[in-house]
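Please open the model in your viewer and keep the sequence panel beside it. The stops below go from the whole chain to single residues, and each one begins with something to select.

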Amino acid sequence: MAEKTSVWNEMVEVKLPKAPKTEQNFQFVGVNGKTFQVPKGVTVEVPKPVAEVLKNAEKAKNEAEEYESGLSSEN
């Protein structure tokens, strides 16, 4: 029988943009009741589900910025 590996054991490298002076130097991430504090401005390894949450958050942020940009150009 093949050994089942947990996605929590799969590590992925991520690097969040460095925080401006007005923001915290880390990003809190919560996944299925587990919380993580991911530092900004340095490359770190995080479990795959944490990397996916960060990727989805970045995508949503970019989409929101594009939408807002479209609204301001209509005026």
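How many helices and strands make up the secondary structure of the protein? Colour by secondary structure, and the protein shows 1 helix and 4 strands, where helices (H or I, at least four residues) and strands (E, at least two) are DSSP runs numbered from the N terminus. Before going further, note that this is a predicted model, in which local features need pLDDT of at least 70 and side-chain atom pairs count only at pLDDT 80 or more, while totals for chains, interfaces and linings use all residues. Residues are numbered from 1 along each chain as its sequence is written, and side-chain values use heavy atoms, with hydrogens and water left out.

**The whole chain**

With the C-alpha trace displayed, the spans along the principal axes are about 65 × 30 × 20 Å.

The accessible surface comes to about 6,300 Å², and 50% of it belongs to carbon and sulfur atoms; the areas come from the Shrake-Rupley method with a 1.4 Å probe, and for residues only the protein chains shown count as cover. Of the 75 residues, 20% count as buried, a term that means under 20% relative accessible area, with exposed meaning over 50% and partly exposed in between (1.4 Å probe, protein chains only). Among contacts (heavy atoms within 4.5 Å) between residues at least 6 apart in sequence, 51% join residues at least 24 apart.

**The nonpolar core**

Now select Trp8, Val14, Leu16, Val29, Val31, Val38, Val44, Val46, Val50, Ala51 and Leu54, the 11 residues of the largest nonpolar core. Such a core is a set of buried Ala, Val, Leu, Ile, Met, Phe, Trp, Tyr and Cys residues joined through side-chain atoms within 4.5 Å. Strand 2 (26–31), strand 4 (43–47) and helix 1 (48–74) are the elements that give two or more residues to this core, and helix 1 gives the most, with 3 residues. In soluble globular proteins, nonpolar side chains tend to be buried together.

Within that selection, centre on Val31, which, leaving aside neighbours within four places in sequence, is in contact with Trp8, Pro49, Val50 and Val53.

Which loop holds Asn32? Asn32 is found in the loop between strand 2 and strand 3, and its phi is near 50°, a positive value in a residue other than glycine. The relative accessible area of Asn32 is 73%, and Asn32 is therefore exposed.

Move on to Thr35, whose place is in strand 3 and which is also exposed, with a relative accessible area of 67%. Thr35 touches Val29 and Gly30 when residues up to four places away in sequence are not counted, while a distance drawn from Thr35 to Gln24 gives 16 Å, C-alpha to C-alpha, for a pair 11 residues apart in sequence.

Then select Lys40, in the loop between strand 3 (34–39) and strand 4. Is Lys40 buried or exposed? Its relative accessible area is 18%, and Lys40 is thus buried. Leaving aside neighbours within four places in sequence, the contacts of Lys40 are Leu16, Pro17, Lys18, Ala19, Glu23, Gln24, Asn25, Phe26 and Gln27.

**Along helix 1**

Glu65, in helix 1, counts as partly exposed at 40% relative accessibility, and its C-alpha atom is separated by 20 Å from that of Thr22, 43 residues away along the chain. Tyr67 lies in helix 1 and is exposed, with a relative accessible area of 56%; Tyr67 and Glu52 are 15 residues apart in sequence and 23 Å apart in space, C-alpha to C-alpha. Finally, select Ser73, in helix 1, which at 58% relative accessibility counts as exposed, and draw the distance to Leu16: the two C-alpha atoms, 57 residues apart along the chain, are separated by 29 Å.
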